[in-house]
Amino acid sequence: RVNPGNRQVTMLSIPRDLFVPLSTGGSNKIDVAYEEGGAKAAVATVERNFQVHVDQYAWIGLKGLVHLIDRFGGVDLVTSNPVLDDFYPNDVQGANPYGFTRVAVLPGPQHMNGIHALEYVRSRHDDVRGDFGRSARQQQVLVALRTRVARVAPGDLPDLAGAFAGEFKTSMNVAQLAQLLPVARGFDAGSIHQVILLPPLTTTASIGGADVVVPHWDLIRPLVHQSFPA
């Protein structure tokens, strides 16, 4: 959520394995809503379960994220924890869409190009916090990318859209995106509030033979409503 009035930004990461009732029917992991009904179903599922209103959405594919970061010359950050993954999906660069490769991101200051940043935010294995650790890494890269994006001018948007090569979809038009640019330049990292649904907000369980994250709404909704209006 972006609030220009008090110059505050809140980032809420929703685990893809969060087990919820879907707007398309039945209950499943929350990412199934997008698989079954696209962005409309995903937004409706989030609104219904978190009891919030979503004004706009943006979707970016894996290659789109790589293109975006490379377009801005990479990102600079201090990695919060090392990544060592022997089973990282090799579906972006490799010829086999079901293949795996080994990736490692060492701790400390890093300058990452698009591929390395994707490896850092996407790796699922060998993180003691599991998907929660991945959520933290994803937010970290988005905050680092904000510094780069703040340099974009409205006239850059057509060229930037072309760089995505179909890997970006949004409910906003070009004029609305242009209105957000000066807002983005007015925020600094200190004004960004980051929320991750760590235990005790959630617990892990097995439902129907699948590992899922079970939400505790009595704890989650009051926390979320502090920043997101119903």
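Visitor: Is F100 buried or exposed?

Guide: In this predicted model, F100 counts as exposed, because its relative accessibility is 55% and the cut-off for exposed is over 50%.

Visitor: And how many aromatic pairs turn up in the whole structure?

Guide: A search of the whole structure finds two aromatic pairs. One of them joins F50 and W217 in an edge-to-face arrangement, with 5.0 Å from centre to centre and 85° between the planes.

Visitor: What about F87 and F100, how are their rings arranged?

Guide: F87 and F100 form an edge-to-face pair, 6.2 Å centre to centre and with 85° between the planes. Because F87 lies in strand 7 (residues 83–89) and F100 in strand 8, the pair ties together parts that are 13 residues apart in sequence.

Visitor: Switching to V103, which strand holds it, and what does it touch beyond its sequence neighbours?

Guide: V103 is placed in strand 8 (residues 100–105) and is buried, with a relative accessible area of 4%. Setting aside neighbours within four places in sequence, V103 is in contact with V83, L84, D85, Y88 and E119.

Visitor: Last topic: which ring does the charged end of R71 sit over?

Guide: The charged end of R71 sits over the ring of F72, 5.8 Å from the ring's centre, while R137 lies over the face of Y120, at 5.9 Å from the ring centre.

Notes. Residues are numbered from 1 along each chain as its sequence is written. This is a predicted model: local features need pLDDT of at least 70, side-chain atom pairs count only at pLDDT 80 or more; totals for chains, interfaces and linings use all residues. Side-chain values use heavy atoms; hydrogens and water are left out. Helices (H or I, at least four residues) and strands (E, at least two) are DSSP runs, numbered from the N terminus. Buried means under 20% relative accessible area, exposed over 50%, partly exposed in between (1.4 Å probe, protein chains only). Contact means heavy atoms within 4.5 Å. Rings of Phe, Tyr and Trp (its six-membered ring) pair if their centres lie within 6.5 Å; planes under 30 degrees apart count as stacked, over 60 as edge-to-face and the rest as tilted. A charge sits over a ring if NZ of Lys or CZ of Arg is within 6 Å of the ring centre and within 35 degrees of the ring normal.
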